[in-house]
Amino acid sequence: MLASLGDPYTRFLSPAEFSKMGRYDISGIGINLREIPDENGEVKLKVLGLLLDGPAYSAGVRQGDELLSVNGEDVKGKSAFEVSSLLQGPNETFVTIKVKHGNCGPVHSIEVQRQLVARTPVFYRLEQIDNSTASVGYIRLREFNALARKDLVIAMKRLQDRGASYFILDLRDNLGGLVQAGIEIAKLFLNEGEKVIYTVGRDPQYQNTIAADSAPLVKAPVIVLVNNKTASASEIVASALHDNCRAVLVGDRTFGKGLIQSVFELHDGSGVVVTVGKYVTPNHMDINGNGIEPDYQKLPGWSDVKKHLSECNINRQG
């Protein structure tokens, strides 16, 4: 039935396959949140999906519930990613959430024990540049899971404190993961207001412009390493840094997967992944099926990187 749609990424997941997706739980309590506007235009945070037998489900949270507060803090006006960060905490600690069942249902205060199973995807080291006093902060990001942004921030700050003048972000063989984590990581490098990505879809809720909303964590020149297994969330980060003249891309053309997908859990623990839209880069290029062409195939010198980024900024402004 799904094959008749002609989309190789819309697919059925067996219960065993669906359970593996738990490692992409961004909340630590087994729920996925979505911002849903009501008839008055106010945005509500609804539980889009939850892991069967996960912490939240076992405590009484149900699909479609509206999340009202986390540990007594009102979540009105906050994004789904911000609230997911509030839900996170050390493994086996407790978080108290207030939810409303349905549109007119009762409000419940529920204590949930966190069970975060994600492992850090970040590896980093400081490298000295030959014949120079300058050093490079090398960061390898294996996947975009619940810990990716937090651990990347820690790595970048530590490398800065140790004197890194430049950064290499290695996204080779990174097939993606949590797209929202990729978006938030891209924002770490961009100036406020710069575009991260555009989303396009038939449903108005998938037509959106996503931009950075604060100052960058680092302003140093960046090289992003890519190859033919750099996909999805990795391509969002690579294109955002490239199109905003924050980084040069080095390696091979990326994979070319720029689709937005929703995941639906079925009653028997299996699931369906359905394509609902696609991503377009800040320079309005369709990632899907095309990939991103790098600037260099081999590592350039840092003087060439700085010259390339400077010229990019001049062309962009004029």
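**Side-chain contacts in a predicted model**

The charged end of Arg-62 is placed over the ring of Tyr-57, 4.1 Å from its centre; by this term I mean NZ of Lys or CZ of Arg within 6 Å of the ring centre and within 35 degrees of the ring normal. Arg-125 likewise lies over the face of Tyr-138, 4.2 Å from the ring centre.

Please note that this is a predicted model, in which local features need pLDDT of at least 70, side-chain atom pairs count only at pLDDT 80 or more, and totals for chains, interfaces and linings use all residues. Residues are numbered from 1 along each chain as its sequence is written, and side-chain values use heavy atoms, with hydrogens and water left out.

I turn to the salt bridges. The structure holds 10 of them, each a side-chain nitrogen of Lys or Arg within 4 Å of a carboxyl oxygen of Asp or Glu. One of these joins Asp-213 to Lys-187, at 3.6 Å from N to O. Asp-213 lies in the loop between strand S12 (208-211) and strand S13 (222-226), and Lys-187 in helix H5 (residues 179-187), so the pair ties together parts that are 26 residues apart in sequence. Helices (H or I, at least four residues) and strands (E, at least two) are DSSP runs, numbered from the N terminus.

Asp-213 is exposed at 51% relative accessible area, whereas Lys-187 is buried at 12%. Buried means under 20%, exposed over 50%, and partly exposed in between, with a 1.4 Å probe and protein chains only. Glu-184, Lys-187 and Asp-213 are linked in a salt-bridge network.
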